[in-house]
Amino acid sequence: VQHLMDDLKKDFPKGVDYKIVYQTSDFVRASIREVVLTLIEALILVFIVVFIFLQDWRATMVPALTIPVSIVGAFSLMYVMGFSINMITLFGLVLAIGIVVDDAIVVVENVDHNMKARGLGPKEASIRAMEEITGAIIGITLVLMAVFVPAAFLGGITGQLYRQFSLTIAATTLLSAINAMTLKPVQCAQWLRIQKGEKNAFFRGFNNVFEKITHVYTDIVTFLVRNVALMLVLWAV
């Protein structure tokens, strides 16, 4: 805009000038900076959390790479749907960054579990893991899309705003599910290794605490499942 106005100014009558009082591109640039910052923060947080729980840098890289793949794919779908890079779509991407890693983490965790608990190799563990959790990944994706997609059918100006926001998140979520069911098992089969040797003191302490928490959680879930009638009464109340 600045360059265009400078060119037009050459033909202005003498004494006529211009001044830009409202520059929308500044807000878009600030939003893009926030998306980039959020992307970096998400990558760091995913790396730290997954590394602490799985204690393997190879396993950590699998979900971490989901974020750029899903976001790049989301831009492609946004182009197909006719959406531009604006405040609404960027806000949707900021929220989606925290969502896209869920499916990949589920895949990696289950592959790692099959390798440790059943002694399977990376390829066999990946195949077994996908047999166990493919339905769960599809379920997670459908639930998330069921939350956002209906907002796209709102009418009026509000509907126009929510349509871009909701469909951006829904498209990113769909891509993350496809990514989790295709690329992630392949990466797990190629990258993961059976871990040998003793963990360091930090990881041993973390595993002991986490194992105790897991036992408490399992006991609670077991009680709830065995007392369905009581739980239904409590829910009704």
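Student: Where is Asp 112 found?
Tutor: Asp 112 sits in helix 6, which covers residues 101-118. Keep in mind that this is a predicted model.

Student: And is Asp 112 buried or exposed?
Tutor: Buried, because its relative accessibility is 10% and the cut-off for buried is under 20%.

Student: Which residues is Asp 112 in contact with, if I skip the neighbours within four places in sequence?
Tutor: Leu 54 and Gln 195.

Student: OK, new residue. Where is Phe 83 found?
Tutor: Phe 83 is in a loop, the one between helix 4 (66-80) and helix 5 (87-97).

Student: So is Phe 83 buried or exposed?
Tutor: Phe 83 counts as buried, since its relative accessible area is 15% and anything under 20% qualifies.

Student: What is Phe 83 in contact with, again leaving aside neighbours within four places?
Tutor: Met 78 and Thr 89, plus Arg 163, Gln 164, Leu 167 and Thr 168.

Student: How far apart in space are Phe 83 and Leu 174?
Tutor: They're 17 Å apart, C-alpha to C-alpha, with a sequence separation of 91 residues.

Student: Let's zoom out. How many helices and strands does the protein have?
Tutor: The count is 10 helices and zero strands. Read from the N terminus, the order is α-α-α-α-α-α-α-α-α-α.

Student: Is the protein a compact globule or more spread out?
Tutor: More spread out, because the radius of gyration is 24 Å, well over the 18 Å that the globule rule gives for 237 residues. The C-alpha atoms fill a box of roughly 85 × 50 × 30 Å along the principal axes.

Student: What share of the residues count as buried?
Tutor: 31% of the 237 residues. As for the surface, the protein exposes about 15,000 Å², and carbon and sulfur atoms supply 69% of that.

Student: And what share of the contacts links residues 24 or more positions apart?
Tutor: 69%, taken over contacts with a separation of 6 or more.

Student: Switching to charges: how far apart are the mean positions of the positive and negative ones?
Tutor: 3 Å, for 19 positive and 18 negative charges.

Student: Last thing, confidence. Which element has the lowest mean pLDDT, and which the highest?
Tutor: Helix 5 has the lowest at 79, while helix 9 (residues 201-226) has the highest at 93. Over the whole protein the average is 87, and 100% of the residues score at least 70.

Conventions
Residues numbered from 1 in each chain as written. Predicted model: local features only at pLDDT ≥ 70, side-chain atom pairs only at ≥ 80, totals over all residues. Heavy atoms only, no water. Helix = DSSP H or I, 4+ residues; strand = E, 2+ residues; numbered from the N terminus. Buried < 20%, exposed > 50% of the residue type's maximum accessible area, 1.4 Å probe, protein only. Contact = heavy atoms within 4.5 Å. Rg over C-alpha atoms; globule rule 2.2 N^0.38 Å. Areas by Shrake-Rupley, 256 points an atom, 1.4 Å probe, with all protein chains shown as cover. Lys, Arg positive; Asp, Glu negative; His and termini not counted. Charge placed at Lys NZ, Arg CZ, Asp CG, Glu CD. pLDDT = per-residue confidence, 0-100.
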